[in-house]
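Please keep the viewer open as you read.

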Amino acid sequence: MNKLSLVLVSAPLLFACSQPAENNKPTTEKPAVAAEKPASIVSGTDYHSLSNPDEVRVTHLELDLSADFDKHQLIGSVTLDFDRIKDGADTLVVDTRDLDIKQVTAEGKPVEFKLAAEDENLGSALSISLPDAASSVTIEYSTSEDASGVQWLTPAQTQGKEHPFLFTQAQAIHARSFIPLQDSPQVRVTYSAHIKTPEDLLAVMSASNDPDTARDGDYSFDMPQPIPSYLIALAIGHLEFKAMGERTGVYAEPEILDAAAAEFEDTESMLELTEKTYGPYSWDRYDLLILPPSFPFGGMENPRLSFITPTVIAGDKSLVSLIAHELAHSWSGNTVTNATWRDLWLNEGFTTYLTYRIMEMLYGTDRFNMEAVLGYQSLEADIAALPENDQILAIDLRGRGADDVFSDIPYEKGALFLRELEQKVGRENFDAFLMSYFKKFSFQSITTDTFLTYLDETLLKQYPEKLSKERINAWVFEPGLPEGAPKPESDAFDKVDASRTAWLNGKEAAADIDTSAWTTHEWLYFLNNMPSSLSDEQLAELDSAFGLTESHNNEIAHSWLMIAVQNEYKPAYNRLHDYLVSIGRNKLVRPLYRELVKTPEGKAFAKQAFEEAKPGYHPMTVRANEGFFED
């Protein structure tokens with residue numbers, strides 16, 4: 001996410017969840033941090049769940065829900081199958097947030113339950129008394145219309161403007177806002193679902209989706225592989241399907257279906273290349289769902305059906321690293337999962353590393369180098385902005401919201417750590433290590449400590465002269481980057497630097513810069529590394545030469561609008577207003593709001609845009625930005 005005066009946008013920042021969240025912490029003086037884990041943190045303890053899987057663990061859930069678009073509620077029940085892990089355990093505790101619990105039954109009879117007072121970060125624990133012979137309970141409930149993990153869109157907020165739309169976003173701990181369950185990534189469950197919708201709409205889930213299913217308002221799903229709760233996902237809308245390959249296809253509103261299928265037509269090739277290097281794909285199909293523009297993230301790696309923002313449909317495949325990232329999660333994250341949110345880097349660092357490798361295999365070394373440089377610059381920006389405690393891969397999140405874990409640290413720092421391992425032991429050897437790692441921990445949720453133990457038993461033992469435990473611990477438990485960390489370079493960007501410098505020094509007019517062969521990445525690098533202060537004349541020259549204010553590429557437009565805000569370039573403000581009210585992706589809008597509110601005039605402009613956009617923003621985007629307008 002863009003966190004500094006440089007308007008940095010990297011390929012991994014397109015991800016979602018899979019996407020580093022825009023961080024709202026100010027730059028601070030960096031306190032001293034110990035070079036090892038605080039002793040009080042218990043590895044594997046999920047500090048963001050109130051449930052009791054160590055005593056009673058849910059193994060399967062069966063959903064039976066109806067979507068009420070008038071009341072903005074999901075109404076129905078969930079049946080939770082469970083195992084008693086501890087002898088004599090007589091209480092099941094699950095996580096909830098703003099749910100109306102109507103009744104709980106076991107073996108067809110009502111049982112006692114208690115809903116605890118709400119915790120600001122965690123929601124409310126629901127404790128259920130279990131009869132001795134019971135192995136499942138059924139909870140009848142309905143969601144709040146303000147559920148943090150559900151967005152209801154009016155027809156006007158969709159592409160087609162005729163039908164409403166619903167989608168869920170469960171990561172990190174928002175599944176509890178639409179299902180009462182043990183909302184911890186260390187609890188893996190299979191699930192089935194029966195979803196009722198208005199007859200003219202289609203429901204899809206992170207499960208088995210039949211592209212040929214009848215649109216009749218009555219849909220059934222099955223997810224046979226055990227997944228963590230944050231990967232349970234539902235969407236309902238006026239959707240159609242188009243195949244892109246034998247195992248890949250795209251769901252979208254009809255108005256953007258063909259454009260999406262063309263943009264992401266290389267998805268099947270990505271899947272095949274990844275399988276050759278890292279082992280078989282474990283999830284049957286890999287389809288994409290293109291969501292309305294209000295989706296707060298770049299993408300979300302829901303298994304079998306990644307949720308994708310339409311803002312990456314650029315017409316030239318320049319932003320498809322997002323697809324590579326969400327696909328890579330099928331190995332790192334969905335199959336091998338972080339056990340707690342402290343361990344997120346095991347998901348996102350591995351996935352970001354794989355993303356770069358997939359892009360290199362598919363599009364070549366030059367593009368790999370450019371995207372790696374942009375990612376590195378974005379990481380540098382985060383390190384400069386974040387307090388030292390938040391620069392640590394194995395972060396301490398106790399007492400904080402789980403969403404605070406998202407920054408470039410687990411993504412780009414995690415990937416850079418793996419790149420160093422690759423460089424030290426050799427790519428072929430490191431690929432063999434990754435394949436064995438994915439196989440050994442397949443369909444398991446693991447901690448940082450589990451990974452480090454495995455690293456000790458494998459690469460450290462095999463290459464003691466090339467790797468050291470001290471160096472590895474520095475990467476994982478210390479802030480910043482270790483001295484001598486890999487730093488990517490790009491020859492293509494050297495040429496962009498020369499053009500920018502010549503223009504800034506008055507030696508070359510903007511219109512004379514040869515940009516005919518520039519990719520999106522070169523444009524981003526050109527803009528992202530401009531000085532923070534430019535004159536109106538300079539901005540007008542750039543705008544006239546390149547049509548930046550009217551750019552249809554949302555990433556390029558974002559970088560240009562950040563420059564416009566920093567320099568109060570008013571000719572771009574109509575476009576800025578339209579951009580803020582038409583896109584709900586937090587990574588794109590939050591940096592603009594943050595920059596605008598630095599001046600009274602800018603704050604008034606931003607507040608007006610925010611209030612206009614607010615009804616169409618996802619609750620996460622609203623919460624992430626409303627603090628800018630508090631007096």
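This is a predicted model: local features need pLDDT of at least 70, side-chain atom pairs count only at pLDDT 80 or more; totals for chains, interfaces and linings use all residues.

Residues are numbered from 1 along each chain as its sequence is written, and side-chain values use heavy atoms, with hydrogens and water left out.

**Helix pairs**

Helices (H or I, at least four residues) and strands (E, at least two) are DSSP runs, numbered from the N terminus. Axes are lines fitted to C-alpha atoms, for helices over the stretch in contact, and angles run from 0 to 180 degrees between N-to-C directions.

| Helix pair | Axes come within | Crossing angle |
|---|---|---|
| Helix 4 (residues 344-363) and helix 5 (residues 365-385) | 7 Å | roughly 150 degrees |
| Helix 7 (residues 427-440) and helix 8 (residues 448-457) | 12 Å | roughly 130 degrees |
| Helix 14 (residues 554-566) and helix 15 (residues 573-582) | 10 Å | roughly 125 degrees |

To put words to these angles, under 35 degrees counts as roughly parallel, over 145 as roughly antiparallel, 65 to 115 as roughly perpendicular and the rest as oblique. A crossing is left-handed if the near helix is turned anticlockwise from the far one by less than a right angle, and right-handed if clockwise. Contact means heavy atoms within 4.5 Å. For residue classes, Ala, Val, Leu, Ile, Met, Phe, Trp, Tyr, Cys and Pro count as nonpolar, Asp, Glu, Lys and Arg as charged, and the others, Gly among them, as polar.

Let us start with helices 4 and 5. Their crossing angle makes helix 4 and helix 5 roughly antiparallel, and the crossing is right-handed. On the helix 4 side, Tyr 356, Met 359, Glu 360 and Tyr 363 take part, facing Thr 365, Arg 367, Phe 368, Glu 371, Ala 372 and Gly 375 of helix 5. This contact has 5 nonpolar, 2 polar and 3 charged residues.

Next come helices 7 and 8. The angle between helix 7 and helix 8 makes them oblique. Phe 433, Ser 436, Tyr 437 and Lys 440 of helix 7 meet Phe 451, Tyr 454 and Leu 455 of helix 8, a set with 5 nonpolar, 1 polar and 1 charged residue. Helix 7 passes helix 8 in a right-handed crossing.

Helix 14 and helix 15 are also oblique to each other, but their crossing is left-handed. Asn 554, Ala 557, His 558, Leu 561, Ala 564 and Val 565 come from helix 14, and Tyr 573, Arg 575, Leu 576 and Tyr 579 from helix 15. By class, the contact of helix 14 with helix 15 has 7 nonpolar, 2 polar and 1 charged residue.

Leaving aside neighbours within four places in sequence, Phe 605 touches Tyr 573, Leu 576, His 577, Leu 580 and Leu 596.

On a 1 Å grid over the protein atoms alone, a cavity is a set of points where a 1.4 Å probe fits but cannot get out, and a pocket is an open set with protein on both sides within 12 Å along at least five of seven lines; lining residues have an atom within 4 Å of a point. Grid points are joined across faces, edges and corners, and a volume is the space filled by probe spheres set on the points.

There are 6 cavities of 30 Å³ or more, and the largest cavity holds about 110 Å³. Its lining has 16 residues, with Thr 45, Tyr 47, Thr 340, Arg 342 and Ile 395 closest to the centre. That lining divides into 6 nonpolar, 5 polar and 5 charged residues.

The second largest pocket has a volume of about 290 Å³. Among its 13 lining residues, Pro 293, Pro 310, Thr 311, Asn 554 and Ile 583 lie nearest the centre. Helix 15 supplies the largest share of this lining, 4 residues.

**Backbone details**

Most residues other than glycine have a negative phi, and most peptide bonds are trans. A cis peptide bond joins Gln 171 and Ala 172, with omega about 5 degrees. Ala 172 sits in the loop between strand 10 (165-168) and strand 11 (188-196). Lys 161 has a positive phi, near 70 degrees, and is found in the loop between strand 9 (150-153) and strand 10.
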